[in-house]
Amino acid sequence: MVARDTDTFTCLEGRPDGMGFVGTDVWNELPSDRKQMFPFLKIADLPVRLAFLTTEEKAGPFRRKLARAEPLLIATTYPVGAKVAINGLGQQVAGRCVPVETFDINGSIEGAPATFPQVDAVYDIVESGRTAEENGLEIVYDDLAPVTLGAVALKERPRAGRGN
Amino acid sequence: MNIELRNLYDESGVIFLPKGKNRDPAVEALQAEGIDPPGFAGRCLHGPRRR
């Protein structure tokens with residue numbers, strides 16, 4: 001069956017004898033108890049990474065706010081990853097933690113910096129960067145987290161037995 | 001060969017194949033294990049179950 005990666009865990013709860021595939025971008029967002037429920041078996045590194053992107057007008061202010069450790073608002077599907085990334089960048093750039101809030105959205109994330117004045121940047125998956133460019137975004141901080149594909153299944157589950 | 005992936009597959013009654021960017025790498029990983037996901041030519045990967 002075909003499932004969106006974000007729906008895979010729900011699918012596996014409905015079919016506890018099943019297995020699925022997700023990237024670390026999705027798996028890392030799970031709370032720790034859910035991570036223990038769905039162990040991650042690494043399969044392959046994917047040719048994508050997570051990055052901060054924003055419009056040309058907001059790129060300078062975003063960099064300055066980060067350097068001054070001023071509060072940031074990030075639109076993302078990956079709020080946990082975004083906070084970890086800002087924390088890492090804050091230590092690097094400002095030498096301290098930077099307060100960050102996330103604006104959680106799914107889909108059409110590229111439009112967020114232009115649509116919402118208060119959003120400083122988006123944190124999203126980047127492959128070639130073409131989609132970002134087509135939407136008037138530039139990559140401000142790149143290669144913040146690699147993405148690995150893994151197989152997942154419920155840790156405690158009935159044994160179905162496939163055998164081919 | 002990745003024994004764990006093979007075992008996981010053998011013990012599973014259904015596979016949820018990802019949509020989008022993760023689909024091809026998932027199928028390639030299964031095929032690297034000598035597994036041809038049943039029904040891959042179509043859309044459904046729900047293979048025959050054998051208890």
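Here are legends for a few close-up views of this predicted model.

Residues are counted from 1 along each chain as its sequence is written, while chains get letters from A and ligands get numbers from 1 in the order in which they are written. In this predicted model, local features need pLDDT of at least 70 and side-chain atom pairs count only at pLDDT 80 or more, but totals for chains, interfaces and linings use all residues.

**View 1. The two domains of chain A.** Chain A splits into domain 1 (5-46 + 148-152) and domain 2 (48-146), with bounds that come from an automatic or database domain assignment. Their centres, taken over C-alpha atoms, sit 25 Å apart. Where they touch, domain 1 of chain A brings six residues and domain 2 of chain A brings seven (contact means C-beta atoms, placed from the backbone, within 7 Å).

View 2. Strands here are DSSP runs of E with at least two residues, and helices are runs of H or I with at least four, numbered from the N terminus. Five of the six residues in β6(A), residues 121-126, are buried (20 or more other C-beta atoms within 10 Å of a residue's own, all placed from the backbone). Strand β3 (residues 40-55) of chain A runs antiparallel to β6(A), joined by five bridges; Ala51(A) faces Asp124(A) there. Strand β4 (residues 72-76) of chain A runs parallel to β6(A) with three bridges, and Ile74(A) stands opposite Ala121(A). Strands pair when DSSP finds at least two bridges between them.

**View 3. Chain B.** Chain B has two helices and one strand, in the order α-β-α along the sequence. Of its 51 residues, 29% count as buried.

Definitions and conventions
Two residues are in contact if their C-beta atoms, placed from the backbone, lie within 7 Å. A residue is buried if 20 or more other C-beta atoms lie within 10 Å of its own, exposed if 12 or fewer, and partly exposed in between; C-beta atoms are placed from the backbone.
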